[in-house]
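Welcome! Please take a moment to look at the sequence and the model, and then read on for a short tour.

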Amino acid sequence: MTTNPTTPPAANQLSASKAALVAKPGQAGIDPRGPRFGASITAALLLTVVGLGVDAAAALPATIAERASQPAFILFSVIAALFAWGALAGIQRHPYGLFFKAAIRPRLSAPSHFEDPRPPTFAQAIGLLISVLGIVLHLAAVPYALVIFAGLAFIAAFLNSVFDYCLGCQIYVLLVRAGLVGRSRTAS
Amino acid sequence: METLIVLVGLVALATVLGLVWRARTGRIQRTRVTGSATASEENRITIPGVAPFGSRVTLLQFSTEACAICPTTHAQLSGLADEFDDGAGAVVHVDVDVTSRPEIANQFNLLQSPTTFILDGNGALQARIGGAPKINDVRAELDRMLNPALV
């Protein structure tokens, strides 16, 4: 993981609790507003998928090619590809993250603290899983699968954006307990 | 028209879920008060390989690596422990990363991170907090535990 080259705010201007969160040298830190900005775009796009797909959700076209050429399906596939980008390349290199850094962040005041990029990257992987399930089931002609999974992903993105809900905080412990993640400890 | 109803309904559902989550997260849930010293002895929590607990109160935090708010909680709780501590380890904050220790997550039935336990001087569980603790509530709880006569 490469280090974010941004300069942390001077630690002596911060309260003790915030100062502890300032990115240290050699440690990657991101502006916590970046992932929430991206989540708001994602939420709007996912709501569009539901809007485009809900009318035709009960009676799907007969052939797989017709189902794959529906606007809701195409948009959902693009969103899934963006989730894959964020999950694999890391949230900082996601297009929304890059756009936030290049165009939005220079207009904002400095963040009060930096955050670890791993939790929002993990949330991207969960988003990818949900959208791939919806895409596969839709191609398999399961009625309502596309709008239901787009709706689930919308709720997660909306909660992240509006309420600062952290999907990783809620789910990761359960995955640890299920033995799906975290067994092999990576040096941090 | 039906599409509009679905979309408005979805946004309304997400908003309600968010409000419920925000109201519930970080609440202090007290465990049943047992009072007697023997019961306290039986409920003693021990975790191998972590820092020693406080002689009067321990704030025991469980974190994971995919938890954006855990570092914030860590900073707040360790600040609070320093505020109450007498310099001799009466009030201590301990942060345990359970990412590579699923047996701990299972033992204490952790459902989210951070989860914080408030332990008394015997290491017995007094209260449990799921999510980001409301720091003023924790301060009040510490006041209550350290100065029972004042309440």
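## Before we start

This is a predicted model, in which local features need pLDDT of at least 70, side-chain atom pairs count only at pLDDT 80 or more, and totals for chains, interfaces and linings use all residues. Residues are numbered from 1 along each chain as its sequence is written, chains are lettered from A and ligands numbered from 1 in the order in which they are written, and side-chain values use heavy atoms, with hydrogens and water left out.

## Where the chains meet

Let us begin with the contact (heavy atoms within 4.5 Å). Chain A brings 35 residues to it and chain B brings 34 residues. The size of an interface is often given as the accessible area lost when the parts come together. Here, the two chains bury about 3,200 Å² between them, with 67% of that on carbon and sulfur atoms; buried area is the accessible area (1.4 Å probe) that two parts lose on being put together, summed over both.

Chain A and chain B share one salt bridge, meaning a side-chain nitrogen of Lys or Arg within 4 Å of a carboxyl oxygen of Asp or Glu. Its partners are Arg118(A) and Glu65(B), at 3.4 Å from N to O. On the side of chain A that touches chain B, helices H2 (33-53), H6 (118-139), H7 (145-163) and H8 (167-177) of chain A each supply at least two residues. H8(A) gives the most to that side, eight residues. Helices (H or I, at least four residues) and strands (E, at least two) are DSSP runs, numbered from the N terminus.

## A serine in a strand

Ser63(B) sits in strand E2 (residues 57-63) of chain B. Is Ser63(B) buried or exposed? Ser63(B) is buried, because its relative accessible area is 5%; buried means under 20%, exposed over 50%, and partly exposed in between (1.4 Å probe, protein chains only).

Beyond its neighbours within four places in sequence, Ser63(B) is in contact with several residues, including Cys70(B), Asp95(B) and Ser113(B).

## Two disulfides

Over all chains, the structure holds two disulfides, each a pair of cysteine sulfur atoms within 2.5 Å. In chain A, Cys166(A) and Cys169(A) are linked, with sulfur atoms 2.1 Å apart. Their link is right-handed, with 85° about the S-S bond, and both cysteines, Cys166(A) and Cys169(A), are buried.

In chain B, Cys67(B) is joined to Cys70(B), at 2.1 Å from S to S. The torsion about the S-S bond of Cys67(B) and Cys70(B) is about 90°, so this disulfide is right-handed. Cys67(B) and Cys70(B) are both buried.
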